[in-house]
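Hi,

Here's the structure I promised to pass on. Have a look at it first, and then read on for what turned up.

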Amino acid sequence: MDKKKILVVEDEKAISDILVFNLQREGYDTLAAYDGAEGLRCALEEAPDLILLDVMLPKLDGISVCQRIREHSNVPI
């Protein structure tokens with residue numbers, strides 16, 4: 001069975017690192033993005049199975065990222 005891919009979009013590196021570490025320990029493939037623009041790009045290019053999305057992000061806020069992802073995908077956020 002393929003490993004599920006989770007995208008973590010979080011601008012606080014310490015928080016992102018903790019989430020990624022624990023998700024990888026549980027067997028998930030993970031991607032990390034540190035601002036809204038990078039998170040949107042990763043979401044559209046990498047097609048993750050789940051997105052953990054912070055609301056307050058630099059460059060593009062989480063609400064805008066969510067709205068733009070919804071134009072292309074129904075991935076759980």
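To start with a quick one: is Lys59 buried or exposed? Lys59 is exposed, because its relative accessible area is 72%, and anything over 50% counts as exposed. Bear in mind that this is a predicted model.

Now for the salt bridges. Side chains of opposite charge can pair when their charged atoms come close. In this model the count comes to five salt bridges, and here are some of them.

Lys59 pairs with Asp35, with the closest N and O atoms 3.6 Å apart. This pair links distant parts of the chain, 24 residues apart: Asp35 sits in the loop between β2 (29-33) and α2, and Lys59 in the loop between β3 (50-53) and α3 (62-70).

Another salt bridge joins Lys5 and Glu46, where the closest N and O atoms are 3.8 Å apart. Here too distant parts of the chain are linked: Lys5 belongs to strand β1 (residues 5-9) and Glu46 to helix α2 (residues 36-46), 41 residues apart. Lys5 is partly exposed at 23% relative accessibility, and Glu46 is partly exposed at 32%.

Then there's Glu45 with Arg41, whose side chains meet at 2.9 Å, N to O. Both are in helix α2, four residues apart, or about one turn of the helix. Glu45 is exposed at 54%, while Arg41 is partly exposed at 39%.

Cheers

Notes
Residues are numbered from 1 along each chain as its sequence is written. This is a predicted model: local features need pLDDT of at least 70, side-chain atom pairs count only at pLDDT 80 or more; totals for chains, interfaces and linings use all residues. Side-chain values use heavy atoms; hydrogens and water are left out. A salt bridge is a side-chain nitrogen of Lys or Arg within 4 Å of a carboxyl oxygen of Asp or Glu. Helices (H or I, at least four residues) and strands (E, at least two) are DSSP runs, numbered from the N terminus. Buried means under 20% relative accessible area, exposed over 50%, partly exposed in between (1.4 Å probe, protein chains only).
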